[in-house]
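Hi,

Here is the structure I promised to pass on. My notes follow below it.

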Amino acid sequence: MDKIILGRYLPGDSLIYRLDPRGKFLLTFYFVGIVFLANNVASYAFLLAFVLFAVYLSKINFGFFLKGLRPIFWLILFTVILQLFFTPSDNPIWQWGILTFSKEGMVIAGYIFIRFVLIIFISTLLTLTTTPIEISDSIESILKPLKKIKFPVTQVALMLSIALRFVPLLVDETTKIMDAQRARGVDFGEGGLIKRIKSFVPILIPLFVSSFSIAYDLAIAMESRGYRDGEGRSKYRVLNWAKRDNIMVVFMICLTIILLFLRSY
Amino acid sequence: MEITFEHVTHSYNVNSPTASLGLDDVSLTINDKSFTAIVGQTGSGKSTMVKHINALLKPTSGKLTVGNRVITSETNNKNLKPLRKQVGMVFQFPENQLFEETVEKDIMFGPMNFGDSEEHAKQAAKEMIKLVGLDESYLSKSPFDLSGGQMRRVAIAGVLASNPETIILDEPTAGLDPVGRKEIMGLFKDLQQQGKTIILITHNMDDVANFADEMAVIHRGKLIASGLPQEVFNKSELLKDDLLSLPRSAEFARELSQKGFHFDKLPITIDELGTEIKQQLNGG
């Protein structure tokens, strides 16, 4: 559990931390979109420079971002190798059956690799600098227009924030139950596949039972504090769109324009 | 089984910015067949400390010896079953670990994991359910149909069923009613007298005074005092800094001593206090 960096929040304070989470959230998705505009060395180099600059601004140790790559290292390797050997080419360096190794293949594989790195770095940056509750608040605010088509935005937002609130709790609970069953002689991750799957029953059943009882208690506690159906509630956590967020948007627009220019260059 | 901690230090999440020190250079010997209470504030490292004894956690540095087994940071995760069979552990709110369809199966779960035969495990379940104060009719019930206190007893029975030599108890009576507390604590005292080593984590100083032969006080991961309860409760420097509170009898004795009573030895149990008061009233 400790090894997964993507999706984790790291407490800290820097310009990136103070940005409005809605802006960060949307711009991250936007960035993932415009990564696909890049098509040559200059544009990729430019995007890479931008992401490294953003990482620098966040004041988070660079090693963290590298760690974020680790869980999907094999996926990256697989894709890169696939590109290396299966890119069709007119003048291959080496060929054997359907396997082709060429200069074009190398270039495309390199692009794919950078694309992966860019997307992972920027999304790691979002989650490292934004608390889960900020993310759920921004989802609520982004989904607001859907109210017009009777989509239950406030309920979904509440669901999200409760779910996020309970993630650490359930992780704790899981560790505790695993420890307790280990103390009663269960070996997790030993033996054959069937045995391994079976060894999770003593974790899953208690976990389900406690989740339901937590949900039941929470529902009663919420009702007794005057909660009815989410309509007409006020908001305590208010998001503020500041000047720096405008600057960020302008920055992104410039980025797109430069990218379009580099692309046709 | 004698348990020795030698300069045991444990950090959580080593090499990450969220690293935190759980145990700081703890050295302590827990004698064979003793009843040792470990006390300290919430978050002081009590649970971290006892999890080392059956290698659920391993020391970051230092070593501990459990019986004839040595646990260091290099200890392999394999072959820990014999150790875990010897060291039974009742976690906080152990009722959360129940999962089988019947109480009997749940109690049998531990012994079966440690390689007991089914018949033997069934026999153990029968004995244990009585030992924890429920009758045999409960064996065929689902653990989820029981009350919280009954579930607690079943969970304790499940740990005792593997017949461990050392039993670690992490606040076993938290949330139980006064009668249940007394019964469960009495059960552990009996087990000690039958030759088992008991390690109890607790916030209840009366339990320490009434049941423990030895105690250890932990504060922020450091061992700050250990010895006989009688001695430790007499260390006024601990009490002054609020690192330790007194059993009710001792508290009462202190108030009495301000009214002219004099105690050579601070009475920590009700019996001791009663005897002292009686003597002093008769003599004075």
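How many residues does the contact take from chain A and from chain B? Chain A gives 21 residues and chain B gives 22 residues, with contact meaning heavy atoms within 4.5 Å.

Some ground rules. This is a predicted model: local features need pLDDT of at least 70, side-chain atom pairs count only at pLDDT 80 or more, and totals for chains, interfaces and linings use all residues. Residues are numbered from 1 along each chain as its sequence is written, chains are lettered from A and ligands numbered from 1 in the order written, and side-chain values use heavy atoms, with hydrogens and water left out.

The interface: about 1900 Å² is buried between chain A and chain B (accessible area, 1.4 Å probe, that two parts lose on being put together, summed over both). Carbon and sulfur atoms give 59% of that area. D179(A), A183(A) and R184(A) supply 34% of what chain A buries against chain B, more than any other three residues.

Three salt bridges link chain A and chain B (a side-chain nitrogen of Lys or Arg within 4 Å of a carboxyl oxygen of Asp or Glu). One pairs K51(B) with D179(A) at 3.3 Å, N to O.

On chain A, helix 4 (62-69), helix 8 (153-183) and helix 10 (201-224) each supply at least two residues of the side that touches chain B. Helices here are DSSP runs (H or I, at least four residues), numbered from the N terminus. Helix 8 of chain A has the largest share, seven residues.

Best wishes
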